[in-house]
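Welcome! Here is a short tour for anyone meeting this structure for the first time.

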Amino acid sequence: MGSISTNRPLYTLAEGRPIADPTTQTALRGSTQRGGGLALLSDTQLIETLAHYPRERIPERVVHAKAAGAFGEFEVTHDITDITSADFLSEVGKKTKVLMRISTVGGEKGSADTVRDVRGWAMKLFTDEGNWDLVGNDLPVFFIRDPIKFPSLNRSHKKHPQTNIPDASMFWDYHNMNLEGMHAIFQLFGQRGIPASLRNINGFGIHTYKLGKPDGSFKYVKFHFKPDAGIKTFTEAEAAKIAGEDPDHHVRDLYEAIAAGNFPTWTMSIQVMDLKDAETYRFNIFDPTKTWPLKDYPLQAVGKLTLNKNPDNYFADVEQAAFSPSTLVPGIGPSADLLLQARMFSYPDAARYRVGTNYQQLPVNKAKYVYSPFQRDGAGTINGNYGADPSYVRSTAKPLNYGPMEVAHDKWVGEVTAWTSEVTDEDFVQPRELWTMFKEQGADEEFITNVAGNLSKATKDVQAATVRSFALVDEEISQRLEKALKERAAAK
Ligand code: HEM
């Protein structure tokens, strides 16, 4: 694991004044006191040491607080310049530096790694035309399609407001009343809900994005990352044991693998959809609770991601890293997915609160080339603040130099309307397909056991309502779940 540096520097105060010994304090000593004394306000060394310590913390992320981080590279393996002008994809063999942060969602910064949860897949590519962040997850769908539900969803997965303990009744009650999340529930309680290692998880962009060119042409795409070493998962029993023995198991595993030169790799692929299909497909292709069937839209390989360098310092490189779906490069654009649009506001908003106004200037977040003199000053400005350059647009002193075109915007003809996410049978089609797949793979009993184990901690009313919810996918699931719950109750 991480080693402690052994060089012996000359220590100084934070202002640079050399000090003989960082443990020395000046004190007014009484003649009868041995080792005691009165602290002095003039003891800058003691005051700075104590004053900085309680300020070491920044707010942890409201979700995805616990994570591993690593650097690496992305290499283009297949030419897709027919659909995108993105500079980092312009040539087979082109390599781009990457920062990855892989997280659990619900737990706090100190929580155990091997829990049943979604894993966050936050990836930053430092391209020649700015940073591209793909902020996705390891499961291919999300629980909601309406952004106003996001805080509620997460509160129901986290701790009860009174007891400060995760609460199965709250969790299942939320999901029973917001059934568009059924597909994500199937993914979560399936085998992939607990990865054995972060080196063996998928990464999905989940949302529909656009890849396009300056002439305004574009295709809809979904981004996929598949681990070249394959998927590996833990059972609940294995995971529970490891959570007790080594809560940081996943972070340690990734760090040690990279330190040993055993670099994890993933293949990046895309699914590509023509615009005319988008209008006629049987469900809304912007809905993040649905996958695009691979038989309709097969994976096309694009490149290879390798993680090959551990952070030099976790706080500087990972805790202060800020990712956002709004961090896009020319050639990649957002689709009209409402959830994605809301996220484009929320992440930079969170970063300004969590890291500070000028979070983009920190070394780990800084793009390769930035010239943005209309965003200046503010706490913690460290970029020289653009010297004497004009602080206002259209100055005669420095005429504008127009940059690359963005992917053209959609034309919108519509009116403002109230919208609520309604649940239809279409929401149960893909979970039903997964259930059939679980049965084919012999993973159905494990799914029932996983759900029953969690649900058995909820109140009887919530248990009954959840059994009814699963009947919407398949009667058989409800019956088997009911039986499993009765057996658990009898065994108590
Ligand atoms: C309306 C929907 C959503 C909202 C409002 C939202 C908001 C947030 C916020 C506020 C954070 C903390 C950011 C920070 O403090 O730096 C976060 C983290 C994260 N979210 Fe979301 N989120 C949403 C949906 C999603 C979806 C659909 C995905 C996956 C596709 C996702 C993946 C992530 C990841 C990976 C992180 C951790 C980023 C990091 O490592 O710094 N979120 N989200």
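## Lys158

Lys158 counts as partly exposed because it has 19 C-beta neighbours inside 10 Å; a residue is buried with 20 or more other C-beta atoms within 10 Å of its own, exposed with 12 or fewer, and partly exposed in between, the C-beta atoms being placed from the backbone. This is a predicted model, in which local features need pLDDT of at least 70 and side-chain atom pairs count only at pLDDT 80 or more, while totals for chains, interfaces and linings use all residues. Residues are numbered from 1 along each chain as its sequence is written.

You will find Lys158 in the loop between α2 (150-157) and α3 (168-176); helices (H or I, at least four residues) and strands (E, at least two) are DSSP runs, numbered from the N terminus. Setting aside neighbours within four places in sequence, Lys158 is in contact with Gly106 and Pro166, where contact means C-beta atoms, placed from the backbone, within 7 Å.

## Tyr347

Now look at helix α9 (residues 338-354), where Tyr347 sits. Tyr347 is partly exposed, since 18 other C-beta atoms lie within 10 Å. Apart from neighbours within four places in sequence, Tyr347 is in contact with Val135, Phe323, Ser324, Pro325 and Ser326.

## Around the ligand

Which residues come nearest to the ligand? Of the 28 around it, they are His64, Gly120, Ala122, Pro147 and Ala350; a residue is near a molecule if its C-beta atom, placed from the backbone, lies within 6 Å of it. Helix α9 gives the largest share of this shell, eight residues.

Key:
Two residues are in contact if their C-beta atoms, placed from the backbone, lie within 7 Å.
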